[in-house]
Amino acid sequence: MPPLITQHDLENRIHDFLAAHDPGSTDRLDFLRARFDAGLAWLHYPPGLGGLGLPRDRQPIAEKAFAAAGAPDNGPRRIGIGLGMAAPTILAFGSDEQKQRWLRPLWCGEEVWCQLFSEPGAGSDLAALATRAVRDGDDWVVNGQKVWTSMAHEARWAILVTRTDPDVPKHQGMTYFVLDMTAPGVEVRPLRQITGEAEFNEVFLTDVRIPDSQRLGAVGEGWKVAQTTLMNERVAIGGGASPRESGMIGVLAKTWRENEKVRDAALHDRLMTLWVAAEAARLTAQRLSAQLAAGQPGPEGSAAKYAFATLNQQISGLELELLGEEALRYDDWTMRRPDTVDFVGRSPGYRYLRSKGNSIEGGTSEILLNIIAERVLGLPGEIRADKDVAWKDLPR
Ligand SMILES: Cc1cc2nc3c(=O)[nH]c(=O)nc-3n(C[C@H](O)[C@H](O)[C@H](O)COP(=O)(O)OP(=O)(O)OC[C@H]3O[C@@H](n4cnc5c(N)ncnc54)[C@H](O)[C@@H]3O)c2cc1C
């Protein structure tokens with residue numbers, strides 16, 4: 001169906017909005033809330049929920065116009081999990097009431113979200129998870145441990161997958177909730193990473209009560225809901241639209257240009273190979289986001305995320321080689337709890353160390369290759385001997 005609002009209409013709406021809400025004099029939060037209410041936040045969301053029901057590829061028009069007017073942004077690096085994972089899941093599975101409650105403060109950056117999926121015994125094999133939720137009247141009582149939870153120390157809300165029926169095979173007995181991170185029984189402890197910082201945490205849940213009204217999707221359908229989160233996560237990590245020669249490859253190209261002494265034909269060859277690969281990944285990500293106009297992301301997002309991780313590690317490795325011993329001086333090993341992850345604004349050493357996690361977070365590269373093999377290329381699947389065994393009978 002063609003969009004009801006043309007590009008010209010959209011530009012006029014943004015123009016009128018900016019005339020009525022001067023970015024220079026309007027309070028930041030008031031501005032963001034008004035932008036959401038005008039449907040100019042995420043344009044492909046439905047009217048009333050921050051959007052106008054437009055195709056996704058219209059978003060850059062709005063971002064460009066707001067940036068040109070000096071408008072405040074919603075701090076996307078701080079709320080990436082909310083924007084990229086929680087919001088699309090709430091949109092797909094939430095009730096009207098849930099959407100109204102959570103989406104506006106999420107987009108405006110008033111409430112940070114985190115993702116309570118991984119556990120000590122359930123990472124790649126997420127469906128093995130053991131955090132138990134037991135129904136008690138209008139509530140669920142949750143006990144268990146989650147790990148590697150990015151930004152849990154900042155989060156007001158979490159998306160959480162639990163085991164509600166241990167008597168059925170592992171993919172069937174899960175239920176998905178939204179957890180209030182300020183609820184009694186939620187304990188967040190920092191985990192220090194190779195970079196020296198503690199961007200992620202372990203989270204202990206002890207007799208935490210979650211009202212049934214905070215369930216997303218049906219009881220026992222948590223796996224289906226979680227798939228929506230994971231598909232969106234891969235696109236959010238690997239599929240961002242960006243200008244040519246920006247991000248990590250931009251930093252590497254700049255380093256090359258500024259370090260005449262180290263240049264030789266062999267390094268040039270490696271630089272150009274990475275430059276071309278980064279450009280191919282960028283264009284593929286752009287095509288992927290255009291395809292998303294048709295609906296939820298599919299397994300193709302796994303390829304974008306795989307390419308992102310591989311390239312980041314190769315690019316940051318070459319950057320260290322170009323800088324030589326200078327690069328070995330690590331800027332700061334203070335234990336900090338950052339509220340954003342910023343590759344470009346940090347030192348070469350940070351980029352090199354932090355990018356190691358890129359091939360683990362959001363699905364390891366090995367798992368993504370399995371998904372591409374099975375679901376994109378149609379190759380034979382892995383043998384899954386446990387798929388019909390009740391979760392409680394699985395060896396642990
Ligand atoms: C920086 C960072 C941030 C993260 N943030 C979050 C977060 O916010 N929330 C959250 O829930 N989780 C988060 N994670 C956790 C992440 O999702 C898991 O680490 C990941 O899914 C892998 O799980 P695991 O660590 O248990 O490793 P395992 O699953 O134990 O894997 C160990 C190794 O075995 C390989 N392997 C496992 N199974 C297979 C297979 N079938 N075929 C081939 N190879 C296989 C893996 O590729 C890996 O190399 C984060 C991780 C990192 C590094």
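The structure is a predicted model, in which local features need pLDDT of at least 70 and side-chain atom pairs count only at pLDDT 80 or more, while totals for chains, interfaces and linings use all residues. Residues are numbered from 1 along each chain as its sequence is written, and side-chain values use heavy atoms, with hydrogens and water left out. Helices (H or I, at least four residues) and strands (E, at least two) are DSSP runs, numbered from the N terminus.

A residue is called buried if its relative accessible area is under 20%, exposed if over 50% and partly exposed in between (1.4 Å probe, protein chains only). Seven of the seven residues of S5 are buried, so the strand is largely enclosed by the rest of the structure. In a regular strand, side chains alternate between the two faces of the sheet. In S5 both faces are covered: Met 174, Tyr 176, Val 178 and Asp 180 are buried on one side, and Thr 175, Phe 177 and Leu 179 on the other.

Two strands pair if DSSP finds at least two bridges between them. Strand S4 (residues 157–163) is joined to S5 by seven bridges, and the two run antiparallel; here Ile 159 stands opposite Val 178. S5 is also joined to strand S8 (residues 215–216) by two bridges, again antiparallel, with Phe 177 opposite Arg 215.

Rings of Phe, Tyr and Trp (its six-membered ring) pair if their centres lie within 6.5 Å; planes under 30 degrees apart count as stacked, over 60 as edge-to-face and the rest as tilted. A search of the whole structure finds 13 such pairs. One of them joins Phe 17 and Phe 31, edge-to-face, with 5.5 Å from centre to centre and 75° between the planes. Phe 17 belongs to helix H1 (residues 7–20) and Phe 31 to helix H2 (residues 28–37), so this pair ties together parts that are 14 residues apart in sequence. Both Phe 17 and Phe 31 are buried. The rings of Phe 117 and Tyr 176 have centres 5.9 Å apart and planes at 90°, so this pair is edge-to-face.

In soluble globular proteins, nonpolar side chains tend to be buried together. A nonpolar core is a set of buried Ala, Val, Leu, Ile, Met, Phe, Trp, Tyr and Cys residues joined through side-chain atoms within 4.5 Å. The largest such core has 33 residues, of which Trp 42, Leu 103, Trp 113, Phe 117 and Tyr 176 touch the most other members. At least two residues of this core come from each of H2, helix H4 (80–93), helix H5 (96–107), S4, S5 and helix H6 (222–238). The largest share, five residues, is supplied by H4. Apart from this core lies another, of 20 residues, among them Trp 140, Ala 152, Val 186 and Ile 210.

Helix H2 has Phe 31, Leu 32, Ala 34, Arg 35 and Phe 36 as its buried residues, and what covers them includes H1, helix H3 (59–68) and H5. The helix is followed by Gly 39, whose phi is positive, near 80°.

Lys 146, in strand S3 (residues 139–147), counts as buried at 0% relative accessibility. A polar contact is a pair of N or O atoms within 3.5 Å; within protein, one must be able to donate a hydrogen and the other to accept it, and residues adjacent in sequence count only if both atoms are side-chain atoms. Such a contact, of 2.9 Å, joins the side chains of Lys 146 and Glu 119. The side chain of Lys 146 also reaches the backbone oxygen of Phe 117 at 3.0 Å.

Arg 263 is found in the loop between helix H7 (247–258) and helix H8 (265–291). At 34% relative accessibility, Arg 263 counts as partly exposed. A polar atom of its side chain lies 3.1 Å from the backbone oxygen of Trp 256.

Methods:
Contact means heavy atoms within 4.5 Å.
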